[in-house]
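Welcome! Here is a short briefing to read alongside the sequence and the 3D view.

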Amino acid sequence: MMLLGVSSFLLASGPVLSFVLAFFCLVPLVIILAFLQFVDRFEPEPWWTKIAALLWGGGVAVFFAIISNGLAGVAVASATGSGDAGEIFSIVVAAPVGEEFLKALGVLVIVMMRRNSISSPLDGLVYAGYSAAGFLVVEDFTYFVNSFYGGGLALTFMNRVLLGVFGHVMYTTCTGWAIGWAVTRTRSIGAGIGVATLGYLIGVTMHGVWNGSAVIAPSRAVFYMLYFIFQVPLFCCWLFFVARTMRRERRDIAAGLMPYVNQGWILPSEVQMVCDPGSRRSALAWVAGGGPAAKRAMKSFMNNLASVGLDQVVMNVRGPEKARIEETQRKIQDATTQRQTFQSLMGIRPM
């Protein structure tokens, strides 16, 4: 229904306005997806599940968020006799609580459906980022339409794209990372639920701070002052957290591959090639001489090794899992074939 409404507006508004609003919506989406692709490059998740998370955020989550926010505002307005109180509650409390729950619910569904393929907290973070990106692009469209007819389109673009482009991603990835940690780094159901709840509350709090700043600020100058006091430090802390999570994943990959190195199946140089960004770039540049097929085989080889290493870490924590063991064996066989492929294309006698 929402997509039909968007399509109807674009058709009725004419080609120029349609192009402008579509561009305004695509700019933040491209920025976020490029960032998430960079984060997810060492052990990438399948595209179909990432697209599913994107559609969940931009469809199911947005639809039910509109309903829940509206109901919460009406309930508080009726209880207090104040429409303003209902609107403030909807923006500052109901929206963060409901929207973060709905975006994260899609992540939880995907993670549980792919339980034996989720291998690190970063997987949950990535899915949460895609869910948030879908939510953001639809929400941005509504803001741009309202500001076009009500005035202030340029200001809305600056606030939504230049200042707040990573807002929804920041909030939801806190819960997503916690969900990923719960299913890969703990045996205890209670500890997993506790961490997921804590991540959710952190995301809700950050979301509430952003929305609350817009409500309490008496002027644009005060809003921007609050932005630099609260949002900039939060964004820097979040970037540090994501970078640390990525480094931790690479260390886990290396640790998980050590048993295979000791058995002689993987060379130490191959572990470095998988885990070190510089070595990875050098390997891909070298194998490009063998053509696109060699480069594809090398990428698949490195991705499979990374997944095998992370699966080993998961089983070290949670114990052996039959389905994960079978999946690991398949990845090892695929990696062996891929190694032979790129070595042959590079004129090297296969090991």
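In the protein chain, residues 24 or more positions apart make up 77% of the contacts with a separation of 6 or more, where contact means heavy atoms within 4.5 Å. Please keep in mind that this is a predicted model, in which local features need pLDDT of at least 70, side-chain atom pairs count only at pLDDT 80 or more, and totals for chains, interfaces and linings use all residues. Residues are numbered from 1 along each chain as its sequence is written, and side-chain values use heavy atoms, with hydrogens and water left out.

**Overall build**

- The protein chain has 13 helices and zero strands; helices (H or I, at least four residues) and strands (E, at least two) are DSSP runs, numbered from the N terminus.
- Along the principal axes, the C-alpha atoms fill a box of roughly 75 × 50 × 40 Å.

**Surface and charge**

- Of the 351 residues in the protein chain, 48% count as buried; buried means under 20% relative accessible area, exposed over 50%, and partly exposed in between (1.4 Å probe, protein chains only).
- The protein chain carries 26 positive and 19 negative charges, whose mean positions are 8 Å apart. Lys and Arg count as positive and Asp and Glu as negative, while His and the chain ends are not counted; each charge is placed at NZ of Lys, CZ of Arg, CG of Asp or CD of Glu.

**Nonpolar cores**

- The largest nonpolar core has 54 residues, and Ile32, Phe35, Val39, Phe144, Phe166, Trp238 and Val242 touch the most other members. Such a core is a set of buried Ala, Val, Leu, Ile, Met, Phe, Trp, Tyr and Cys residues joined through side-chain atoms within 4.5 Å.
- Elements giving two or more residues to this core include α2 (15–39), α5 (121–150) and α9 (220–262). The largest share, 15 residues, comes from α5.
- Setting aside neighbours within four places in sequence, Trp238 is in contact with Phe35, Phe166, Val169, Met170 and Thr173.
- Another core, of 24 residues, lies apart from it, with Val287, Ala297, Ala306 and Val308 among them.

**Cysteines**

- The whole structure holds zero disulfides, a disulfide being a pair of cysteine sulfur atoms within 2.5 Å.
- Cys236 is in no disulfide, and the nearest cysteine sulfur, that of Cys237, is 7.0 Å away.
- Cys236 counts as partly exposed because its relative accessibility is 46%, whereas Cys275, at 11%, counts as buried.
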